[in-house]
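Hello,

Here is the structure I promised to pass on. Please open it alongside this message; my notes follow below.

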Amino acid sequence: MSWEPREPPASDDRILPDEPGGVQQAVLAGGGTEVVETGAGTAPSRHTALVGSGLLLIGVALAAANMRPAVTSLASVLGEIRSSLGQSTTWASVLTTVPTLCFGLAGVAAPLLARRLGLARGIGLALAVLAIGLTVRAVDGPTAVLAGTFLACGAIALCNVLVPVVVKESFPHRMGMATGVYTSAMAAGGALGSALTPRFALWFDGWRLPLATWALLALAALCVWSVAARHDRAAVPAEGPTTPDRQGSLLRSPLAWAVTLFFATQALIAYVVMGWLPEVLMAAGHDAATAGLLLAVVMVVGVPMSLLTGPLIARSPTQSWWAVGLGGLAAVGILGLLLAPLWAPLLWTLSLGIGMAVFPLALTLISLRTRSSAETARMSAMAQSLGYLLAAAGPFLFGLLHDLTGGWDVSLLMLLGVLAVQTVLGVIAGRPRYV
């Protein structure tokens, strides 16, 4: 099978069949849409695009800010949780695997949910379930921790798939900027989760209330989203995430697989870092508060990097060199943790954090390699459902290798191997083509 995907046609402007309400929707080359009046007026539909207002962008940012604290807050007090519940390292490995596993499983349901409820209600429901899950995992023993984490991360998975569709549909001419806001808010939320939770645990003399506190952020996002997410009365029903692909299944597209596997490798590395970095640093001699703060450095570096690189990546004629450069910086960070973890930990975490700005690159590629919002939704669902399912093996193997070897060296070498594969896939997926 050739790795050369189809070239886009010179002009992809076309008119979709008449929609209810007496309008047609023109799908323009490059993925934009234009509403064409044909007579009768229209009513808002749960399948129309959301109005791309400033308040919606704030809602997107708040929703994104909730997509990491569920993981980083848990990682920053993982040792304390394991000790207080009397659980083994293997149990902790399973717990760190839960986010990526349910991201993949729940991501499959996202297109169906969007078709039944629409983007506004679907994301709103996910934020409500997230708040419930974050509360449940702090009320009882190991089973509640696992169940609450699964519930919370399942809700995050729905947002992972649906929010990029909002960015594509509602901000088509500011996609780079909106993606930068989305990914930087996500990084900021993750940084707050890892930096504040250990300190909350000291103040409240335990880990339960600090973990449950993050449900308040989910409720705040739900309140703003409920006001900001309004369907456009002047638009026709937007292409739903389950609209049949006019050019065949994405599973037959080599480029779609390259994007999916690139997403999988970067997710594997990200969730290994978010789940295990504090444990690696504490094994090297750092205390828990310092380890949590260094994880926060990794996450917070993503804020300016996402704001700066998002628009630049979208405007670049090719994204391959971004994959090479960011992969090289991440390699420096991992090698530093492997060879000299106490020499310059801030330098290693900064380098690793900059390298993990590959996440906005992965999200941008999903949009850049598709022509329309419907194709973006299908590409997003494929990349995130399959990608996260593949990535779920990473945190578990990272912890298992530690159990087998008694140290973190082999685990870090595994991470370097995955990073090399990620870079090669990024070069392939970064070439300017359409699926």
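A residue counts as exposed when its relative accessible area is over 50%, and as buried when that area is under 20%. Keep in mind that this is a predicted model.

Start with glycine 54. Its relative accessible area is 52%, so glycine 54 is exposed. The residue sits in helix α1, which covers residues 54-65. In sequence, glycine 54 and alanine 228 are 174 residues apart. In space, their C-alpha atoms are 8.7 Å apart.

Next, the core. The largest nonpolar core has 131 residues. Trp225, Phe263 and Met379 touch the most other members. Helix α9, residues 254-284, supplies the largest share of this core, with 18 residues.

Look at methionine 379 in more detail. Neighbours within four places in sequence are left aside here. Its contacts are then Leu250, Ala256, Val259, Thr260, Ile366, Thr370 and Val435.

Last, a helix pair. The axes of α9 and α17 (residues 409-429) come within 9 Å. They cross at roughly 150 degrees. Angles over 145 degrees count as roughly antiparallel, so α9 is roughly antiparallel to α17. The crossing is left-handed.

Which residues meet there? On the α9 side they include Leu255, Val259, Phe262 and Ile269. On the α17 side they include Leu415, Val418, Leu425 and Ala429. The residues of this contact divide into 15 nonpolar, four polar and no charged.

Best wishes

Terms used: Residues are numbered from 1 along each chain as its sequence is written. This is a predicted model: local features need pLDDT of at least 70, side-chain atom pairs count only at pLDDT 80 or more; totals for chains, interfaces and linings use all residues. Side-chain values use heavy atoms; hydrogens and water are left out. A nonpolar core is a set of buried Ala, Val, Leu, Ile, Met, Phe, Trp, Tyr and Cys residues joined through side-chain atoms within 4.5 Å. Buried means under 20% relative accessible area, exposed over 50%, partly exposed in between (1.4 Å probe, protein chains only). Helices (H or I, at least four residues) and strands (E, at least two) are DSSP runs, numbered from the N terminus. Contact means heavy atoms within 4.5 Å. Axes are lines fitted to C-alpha atoms, for helices over the stretch in contact, and angles run from 0 to 180 degrees between N-to-C directions. Angles under 35 degrees count as roughly parallel, over 145 as roughly antiparallel, 65 to 115 as roughly perpendicular and the rest as oblique. A crossing is left-handed if the near helix is turned anticlockwise from the far one by less than a right angle, and right-handed if clockwise. Ala, Val, Leu, Ile, Met, Phe, Trp, Tyr, Cys and Pro count as nonpolar, Asp, Glu, Lys and Arg as charged, and the others, Gly among them, as polar.
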